[in-house]
Amino acid sequence: MIPRTVYEPEHEMFRESVRKFLETEAAPYHEQWEKDGEVDRGLWNKAGEQGFLAPTVPEEYGGVGVDFRYNAIVDEECARSGLTGIGWGLHSDIAVPYIVRYGSEEQKQKYLPKCVSGEIVTAIAMTEPAAGSDLQGIKTTAVKDGDDYIINGSKTFITNGQHADLVVVVAKTDPQAGAKGTSLFLVEAGTPGFEKGKNLNKIGLKAQDTSELFFQDVRVPKDALLGEEGMGFVYLMQDLPQERLNIAILAVHSAQGILEKTIEYVTERKAFGKSIATFQNTQFKLAELDTELTSATVFLDRCLELHIEEKLDAVTAAKAKMLTTDLQGKVMDECLQLHGGYGYMWEYPVARAWADARVQRIYGGTNEIMKLIIGRELVK
C-alpha cells in the first residue's frame, strides 16, 4: 500500500479515538437505527463531548480550530465502518462552515458553540421537489416585510431533517434576478410556519434521517439573513468543492471497507471443495478493485492537501466526486457478486453498502453535472 503522507502522527491519534468511539457508541446500535430511520439523538451530544463535531470551528466559538483533515478522518472512519446513518459530515463539513464563513458575530456567538457541543444539529435546505442539481431553479421565496423576511416554499431530501435544530435555507429574495437573487437564511426549528415532513423511506442510508421541510409564511428577523442578501448562489458555489470532497472521501473509504470485508469472506467461503479466494477470477477481480482504489486514494489525498492549502478548485473537486463515486458503485457491485446469494441478504454489510452507495452519484450535484463542469472547462 502506498503510504498516506497527508496525515501526521497527531492525526492518527485522533483517528484512533474516533474509531474506538464508533466501535462502542455506534456500531452495536446501527442495525436498530436502520429500523428506527434515524440515529439516537444522544449520539450527537456524546460526539460533541469528544470534540468530533465541527472541529474546524475557531476556538473563540467553542471549537478546536484545526484544519479539515480532522473532518476527513471522522468521515473516513464512519464510511469504513459502514455507519451511514451518522449525519456528522453534513453538519461539520457542509452546514456549519456556512456560519463560520458568512455568519455575523452575533450569529457565530449564538450558534457555533452549540453546533460543536451537539446541542444543535444543522441541515442545509437546497433541494426542492422541482429543483435538484439546478440550484437556480429553486422556488422558495423570502420576501421583505418591514424588518423581517417571510419565507414560503418546500424542500426535500434534507439530510438531518428530523434532528435539525437549525437549517440553512436557500431562498429567492429577488426571483427576477436569477442567481443574483438568491440568499441564505438561518431558520430555527420551532419557528411558526416551519414544519418537518415525514422521514423519507429510501433505498439505502436507512439510519439517516432524511426529510421534507415546509415553510408557510415563516417570519424571521433580518438578522436571520446569512451573509449578504443576493450573495447566496455565490456562497453555495464557493463551498461546493468542500461538499464534493466530503462525498469523495465517503466513497473511497466506504469502498475500501467493503473490499476488506470481501477479502475476508472469499478467504473463508468454500465452493467446489476449495476457498473462493483460490479462484483466478476472484483474484483478478480483487486485484483490479484494489488497484483502482489505490489510485483513487492517492488522487483524493492530493485533493485534500490542495483543500487544506485553499487551492482545491471546482473542476478538480468535480473530478474527485465523479471518479470516486463511480468507482464506489463498481466496487460494491463486484464485491456483492463475489458474495454470491449471500450478498443479496440485508444482514451482510455488502448488501447495505451496495444500497447506500447508489445515491452518491446523485447528491452534491449528479455525476452528469460533474461532467458538464469538467467538459465546459476543457472547451471554454
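Reader: How many helices and strands are in the protein chain?

Author: The protein chain has 11 helices and 10 strands, taken as DSSP runs numbered from the N terminus (helices H or I, at least four residues; strands E, at least two). This is a predicted model, where local features need pLDDT of at least 70, side-chain atom pairs count only at pLDDT 80 or more, and totals for chains, interfaces and linings use all residues. Residues are numbered from 1 along each chain as its sequence is written, and side-chain values use heavy atoms, without hydrogens and water.

Reader: What share of the 380 residues is buried?

Author: Buried means under 20% relative accessible area (1.4 Å probe, protein chains only). In the protein chain, 53% of the 380 residues are buried.

Reader: Why is helix 10 described as largely enclosed?

Author: Helix 10 (residues 349-357) has seven of its nine residues buried, so it is largely enclosed by the rest of the structure. Those buried residues are Val-350, Ala-351, Arg-352, Ala-353, Ala-355, Asp-356 and Ala-357. They pack against helix 2 (30-36), helix 7 (232-268) and helix 9 (314-339), with contact meaning heavy atoms within 4.5 Å.

Reader: At what angle do the axes of helix 1 and helix 4 cross?

Author: Axes are lines fitted to C-alpha atoms, for helices over the stretch in contact, and angles run from 0 to 180 degrees between N-to-C directions. For helix 1 (residues 9-25) and helix 4 (residues 69-80), the axes cross at roughly 35 degrees and come within 10 Å. Residues making the contact include Phe-14 and Val-18 of helix 1 and Ile-73 and Val-74 of helix 4.

Notes:
Buried means under 20% relative accessible area, exposed over 50%, partly exposed in between (1.4 Å probe, protein chains only).
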